[in-house]
Amino acid sequence: MAKRQLNRRQNWRIEKIQGERAARAAKRESSAVEALEGGDLGPEQTGLVIAHFGVQVEVEALDGELAGQVCRCYLRANLPALVTGDQVVWRAGNQGIGVIVAQLPRKTELCRPDSRGQLKPVAANVDMIVIVFAPLPEPHANLIDRYLVAAEHAGIRPLLLLNKFDLIDEHNAPALNALLAVYRSLGYPVLEVSAHHGNGMEQLQQKLDARISVFVGQSGVGKSSLVNSLLPDVDTRVGPLSELSGQGTHTTTTARLFHFPGGGELIDSPGIREFGLGHVSRADVEAGFIEFNDLIGTCRFRDCKHDREPGCALLKALEEGRVHQQRMNSYRSIIASLPESSY
């Protein structure tokens, strides 16, 4: 059955109701913060946001007598939206509830557009993006390349991780090997692991130590299984593949930060099937294809679209095998998906 379209008045009514609900929630939150600040709050100290729950966040104390303890906190009304990985200044209150009074500057932030196209941070201060894919659901170079563009744009180091490599067989091996060969030839680090059997997990742990990392990838590629294998004391719910679509079911509903025993942290984020790049420009996309770095700006025409123009440096490199056709296809697909204002 076709989805019923809402008219302008109905949309306005829905937005009005949602706005009123948000205003009431903000008022309740403000009252709660005022009540806390009117009481006996502890001294200011630094903390790390390890999870976000609506109007509250979980903060881990980084110093002072409470170091290592986790506390639920409200946010002052003048603060921007916080995400997992943010470092903050907070004050402990009575009954285990605290107040965040300031946000510390972010080194990096990973963003993606939400359902309305508004840019939304999903994790902060990340050192490495682990791009997880698997033989099933079938990996697509275009989606991997979108993550790589996002990583380059955010200034975050990427790691390509093929999980469930025990599912490689004579049917899917040629395509998977060809896919991985392209990224290895470009110098991207690639690991093959099996969270289920444990193969390669020690090498993955070494890559994750002393860094703040975030797992991204299609649902069903085994991100939660990887977390369970790396952190056996954390019971992250694992969802099966849909028998109808072959795609995974979403299991993680909020980004959460976990500590490794030997150092380093992992942010497990909700599954993202389609990673939008509506917030980047054409130049950002070109910079995200690292093999283009020495080619961009050397075409005959300054406004070259790298399509059919004579004297195009990218097309020449493609013809000579210095640019892979798979990557060129991804580049064109990503450029075609950008809003006109990004050109």
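The legends below describe close-up views of a predicted model. Local features need pLDDT of at least 70, side-chain atom pairs count only at pLDDT 80 or more, and totals for chains, interfaces and linings use all residues. Residues are numbered from 1 along each chain as its sequence is written, and side-chain values use heavy atoms, with hydrogens and water left out.

**View A. Cis peptide bond between Leu136 and Pro137.** Omega of this bond is about 0°. Pro137 lies in the loop between β8 (128-133) and α2 (141-154); helices (H or I, at least four residues) and strands (E, at least two) are DSSP runs, numbered from the N terminus.

**View B. Ala210, a non-glycine residue with positive phi.** Phi is about 65°. The loop that holds Ala210 runs between α4 (201-208) and β11 (212-216). Ala210 is exposed, its relative accessible area being 71% (buried means under 20%, exposed over 50%, partly exposed in between; 1.4 Å probe, protein chains only).

**View C. His306, a non-glycine residue with positive phi.** Phi is about 60°, and the residue sits in the loop between α6 (282-288) and α7 (313-319). His306 is buried, with a relative accessible area of 5%.

**View D. Packing of α2 against α8 (residues 325-337).** The axes are 9 Å apart, at an angle of about 70° (lines fitted to C-alpha atoms over the stretch in contact; angles run from 0 to 180 degrees between N-to-C directions). The two helices α2 and α8 are therefore roughly perpendicular (under 35 degrees is roughly parallel, over 145 roughly antiparallel, 65 to 115 roughly perpendicular, the rest oblique). Contacting residues (heavy atoms within 4.5 Å) include Leu148 and Val149 of α2 and Ile334 of α8.
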